[in-house]
Amino acid sequence: MSMTDLLNAEDIKKAVGAFTAVDSFDHKKFFQMVGLKKKSPDDIKKVFHILDKDKSGFIEEDELGFILKGFSPDARDLSVKETKTLMAAGDKDGDGKIGVDEFSSLVAES
Ligand SMILES: [Ca+2]
């Protein structure tokens, strides 16, 4: 399963292209633009598992920094500031990583 099996390649390109400037990343707009918000709960979980590169069941801070690359290999890394902001938005229980339910909530809120 790859990201383009789940999301439209053109939408991914546009969404990644909208946040090329450092510290411009807005996860709410990004999840809308990339088409994730419209997807079924199952598909959102599939996207989570793609972003969980080491298959730990969580998106840890280092994986979160590479979240854009998970959508498009040539995308930039998030800055430390963007990564921390996104972690703070997604990590509801404060354990320092994002689980599948937290990710689904984060998308639903966007
Ligand atoms: Ca992980």
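Okay, let's start with the annotation. The UniProt record, an unreviewed entry, marks a "binding site" at Asp 52, Asp 54, Ser 56, Phe 58 and Glu 63. From that set, Glu 63 also turns up in the lining of the largest cavity. Keep in mind that what we're looking at is a predicted model.

Asp 52 is buried, because its relative accessible area is 1% and the cut-off for buried is under 20%.

Asp 54 sits in the loop that runs between α4, residues 41-51, and β1, residues 58-60. Ignoring neighbours within four places in sequence, Asp 54 touches Glu 60 and Glu 63.

Staying in that loop between α4 and β1, we also find Lys 55. Its phi is near 55°, which is a positive value in a residue other than glycine. Is Lys 55 buried or exposed? With a relative accessible area of 57%, Lys 55 is exposed.

Next, Phe 58, which is in strand β1. Phe 58 comes out at 28% relative accessibility, so it counts as partly exposed. Again skipping neighbours within four places, its contacts are Phe 48, Asp 52, Glu 63, Asp 95, Lys 97, Ile 98 and Gly 99.

Then Glu 63, which belongs to helix α5, residues 61-65. Why does Glu 63 count as buried? Because its relative accessibility is 9%, and buried means under 20%. Beyond four places in sequence, Glu 63 makes contact with Leu 51, Asp 52, Lys 53, Asp 54 and Phe 58.

How many cavities of 30 Å³ or more does a search of the whole structure find? One. The largest cavity holds about 40 Å³ of space. Which residues line it? Leu 51, Lys 53, Glu 63, Phe 66, Ile 67 and Gly 70. By type, that lining splits into three nonpolar, one polar and two charged residues.

Zooming out to the domains: the unreviewed UniProt entry puts "domain: EF-hand" at residues 39-74 and 78-110. For residues 39-74, the end C-alpha atoms are 24 Å apart, and the span is 58% helix and 8% strand. For residues 78-110, the end C-alpha atoms are 18 Å apart, with 64% helix and 9% strand.

One last stop, for anyone who checks backbone angles. Asp 23 has phi near 70°, a positive value in a residue other than glycine. Asp 23 is in the loop between α2, residues 9-17, and α3, residues 27-33. At 39% relative accessibility, Asp 23 counts as partly exposed.

That's my tour. Questions welcome!

Methods. Residues numbered from 1 in each chain as written. Predicted model: local features only at pLDDT ≥ 70, side-chain atom pairs only at ≥ 80, totals over all residues. Heavy atoms only, no water. UniProt positions renumbered as here; feature names shortened; annotations may be inferred. 1 Å grid on protein atoms, 1.4 Å probe; cavity = no way out; pocket = protein on both sides within 12 Å on 5 of 7 lines; lining within 4 Å. Helix = DSSP H or I, 4+ residues; strand = E, 2+ residues; numbered from the N terminus. Contact = heavy atoms within 4.5 Å. Buried < 20%, exposed > 50% of the residue type's maximum accessible area, 1.4 Å probe, protein only. Points joined across faces, edges and corners; volume = space filled by probe spheres on them. Nonpolar A, V, L, I, M, F, W, Y, C, P; charged D, E, K, R; others polar.
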